[in-house]
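Okay, thanks for coming, everyone. I've got a few minutes on a structure, so let me put it up on the screen and we'll walk through it.

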Amino acid sequence: MEGMIMAHESDLNLKATELRLGLPGTDECEEMVSAAKNNKRASPESVEECGSKGTCAAKSSEHETAPAPKAQIVGWPPVRSYRKNNLQPKKTESESGIYVKVSMDGAPYLRKIDLKVYNGYPELLKALETMFKLTIGEYSEREGYKGSEYAPAYEDKDGDLMLVGDVPWDMFMSSCKRLRIMKGSEARGLGGAL
Amino acid sequence: MNPDPKKSKVLPSNLPNSNGSSHPHSLFPDEVLEKVLSLIDSHKDRNSVSLVCKDWYNAERWTRSNLFIGNCYSVSPEIVARRFAKIKSVRLKGKPRFSDFNMLPRDWGANVHSWLVMFAKAYPFLEELRLKRMTVSDESMELLAKSFPQFRALSLSSCDGFTDDGLKAITTHCGNLTELDIQDSVTVDVGGGWLSCFPENFSSLEILNFSSLNSEVSFEALEKLVSRCRSLRVLKVNENITLDQLQRLLVHAPLLTELSTGSFLQELTPRQYEDIESAFGNSKNLQVLSGLWDATSFYLPVLYGACSGLTFLNLSDAVLQSGELAKLLAHCPNLRRLWVIDTVEDKGLEAVGSSCPLLEELRVFPVDPYDLDHRHGVTEMGFLAVSRGCRKLRYVLYFCRRMTNAAVVTIVQNCPDFTHFRLCIMNPRQPDFLTNEPMDEAFGAVAKNCTKLRRLSVSGLLTDTTFEYIGKYAKNLETLSVAFAGSSDRGMQCVLEGCPKLRKLEIRDCPFGNAALLSGLKKYEMMRSLWMSACNLTMKGCRLLAREMPRLNVEVIKDDGSDEIQADKVYVYRSVAGPRQDAPSVVLTL
């Protein structure tokens, strides 16, 4: 990597003589090339040094046209590592999952699922469909799960039977006590209520 | 020239000057001088006092009780022990700040042990120890616990190296402990047994902070501890404490002034919800609130009763949306300091601007620093909105994905009182979002308008012009952090020549080379430290610096795979203790 060593010792305008693919005039200083291009100086994780003009002296050819996945730079942005750990979504390692019983009209026994495992209604409904081998259909605010053989309902904190999907996911997660998959014909009464 | 300079300095000018007297001390006894000096707390003032004359130097060193050492390697334990006789409280800082971002090897140094050995001999009446970025082993903690019978306060900020055993030694043996604060110190697998080791009759605790420890403590032990420590005013628990557990703790400690909650997500019965709501309502003295992990719009309202007195709200662990923040802030009219995550977006910051007229400090952290798609978070609009509503702003830390020169110019016109301006445009070398120009004018405006500026962090696409501005206008600047910026050596030179009060300079990934480094030869002795990594420094330049300035320690950290010519990471600091003896093999002292 000649270019890098020379950049340190002199003010050569390497930009003018460098070989690169891509349209003239494109200046890509934001693209941090992975250090595979610059194995003389950098450790695998650190960013490539830029030349004296503040521009990248050597580039990988893949980075000229498509927006390449940028390499992660060590220590940048300058956010403390303990803080980063705290903000990762904690779906799997929660101390207590939110387990609720799921009954299906006509089935002999109930199932139990952990609501914390799901990111939102689509995932939950998909899981229910798989678990009970049925289809639930699309939710609409006006008509609930019209046209489907089954509709998902739940019992909330106050003991009321509610249609799944009406309230924001977070509120559902904290108020759902148990799930009940009802026959579509019975559920129609719920769908129209606002 | 006064023939007796000692006499003229010791005597106050309005006392009659007895000519020919050869006993100046009988007019101004040491005891009086010491009594007066013992009233001076600030270490900066004391350092000045000690330079006046030998008498004052001695009087000062006999009366200093608070020791502050900003760089543990700038002086040795032996030198300290020889100079000061009566130290009761120590504040000691170790690693350079970039160690927070994993830029230092694990065993770089800053181990407190040799200091504790000296303290045990020279200052057995030590009461307080506050460490920042130091390594503290279990062995050190045991030594600490057993050597100082009057020990009261231990604060470990961003420290590492200890486990449950070390903490157990502290809680078991320090019978007079009033403060145990392990803020930001994360050690893997610390364990939670230490909390259960406080003796049954132990009740002196006033400050307890274990919010950053991952492990579970015994809630039963914690509840008992809180109920018998009637003077407890600061309680910061970790995420493992649930909401209903928190409620029980609050009932035992209604006089808390600072609280960090545990997890805020838990299925509560209506009764439990009411209970926690009323517990917060009864916490009339709360000024500082943090924690709130996983808080959602459903549970935040339980806080409202405690918010009217809040001056510092730290939401940096609560992933909130703009609406949730707005509703919460409506209850917090007295806020002076606010930390949030950028999920609140510009809309949330508009609420900050309109709800918090007394705000002095704002920090906005990125929820996902490595999300390189940059579609979310805050922009220049949010910062502008805050600056319009919060004219008293003096401290800002702002992580954003885009910024414009025009916005920053307006912001510092709205808020000229900035003392700390830390702007992090997360994409390195990103230009002005609208004009595509460098961000030089933005930081130029900051330097020009904010005459009280003491700390500055720059980012975005910057040429040497930025540093010309800084050198020209930022006359009170003490700390400067630079990354991915500048065009040539001239940039760094402007700063070194122009900023008389500069104490800490940290630089990474900039095109500054040996010429820039060497232009600051004389300056570095007046500074605490210089850090330069991934710049254009060579071993040759560093050796030259080390040779010319024997009272500087010039340390080079070698990265794997680097050659013999480049100096990858360079740390330069003044020291009267000479080169350190505990450097690991990857650190070369030149």
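Before that, one caveat: what you're looking at is a predicted model.

So, chain A. We've got 6 helices and 5 strands here. If you read along from the N terminus, the order goes α-α-α-β-β-α-β-β-α-β-α. The chain has 194 residues, and 45% of them count as buried.

Now let's zoom in on one side chain, W169(A). You'll find W169(A) in helix 5 of chain A, the one covering residues 169-175. Is W169(A) buried or exposed? W169(A) counts as buried, because its relative accessibility is 13%, and the cut-off for buried is under 20%. And what does W169(A) touch, leaving out anything up to four places away in sequence? The list is L115(A), Y118(A), N119(A), G120(A), Y121(A) and L124(A).

Over to chain B. The domain assignment gives us domain 1 at 1-64 and domain 2 at 65-232. How much area is buried between domain 1 and domain 2 of chain B? About 890 Å², with carbon and sulfur atoms giving 47% of that. On the domain 1 side, R61(B), W62(B) and R64(B) lose the most area to domain 2, and together they make up 65% of what that side buries.

In terms of contacts, 9 residues of domain 1 meet 9 residues of domain 2 in chain B. Between those two domains the count is 1 salt bridge. There are also 4 residue pairs in polar contact across that interface. On the domain 1 side, helix 5 of chain B, residues 54-63, brings the largest share, 5 residues. That side as a whole splits into 2 nonpolar, 3 polar and 4 charged residues.

Last stop, helix 19 of chain B, residues 489-498. Its buried residues are G491(B), M492(B), C494(B), V495(B), L496(B) and G498(B). What do they pack against? Helix 18, strand 16, strand 17, helix 20 and strand 18 of chain B.

Conventions:
Residues are numbered from 1 along each chain as its sequence is written. Chains are lettered from A and ligands numbered from 1 in the order in which they are written. This is a predicted model: local features need pLDDT of at least 70, side-chain atom pairs count only at pLDDT 80 or more; totals for chains, interfaces and linings use all residues. Side-chain values use heavy atoms; hydrogens and water are left out. Domain bounds come from an automatic or database domain assignment. Contact means heavy atoms within 4.5 Å. Buried area is the accessible area (1.4 Å probe) that two parts lose on being put together, summed over both. A salt bridge is a side-chain nitrogen of Lys or Arg within 4 Å of a carboxyl oxygen of Asp or Glu. A polar contact is a pair of N or O atoms within 3.5 Å; within protein, one must be able to donate a hydrogen and the other to accept it, and residues adjacent in sequence count only if both atoms are side-chain atoms. Helices (H or I, at least four residues) and strands (E, at least two) are DSSP runs, numbered from the N terminus. Ala, Val, Leu, Ile, Met, Phe, Trp, Tyr, Cys and Pro count as nonpolar, Asp, Glu, Lys and Arg as charged, and the others, Gly among them, as polar. Buried means under 20% relative accessible area, exposed over 50%, partly exposed in between (1.4 Å probe, protein chains only).
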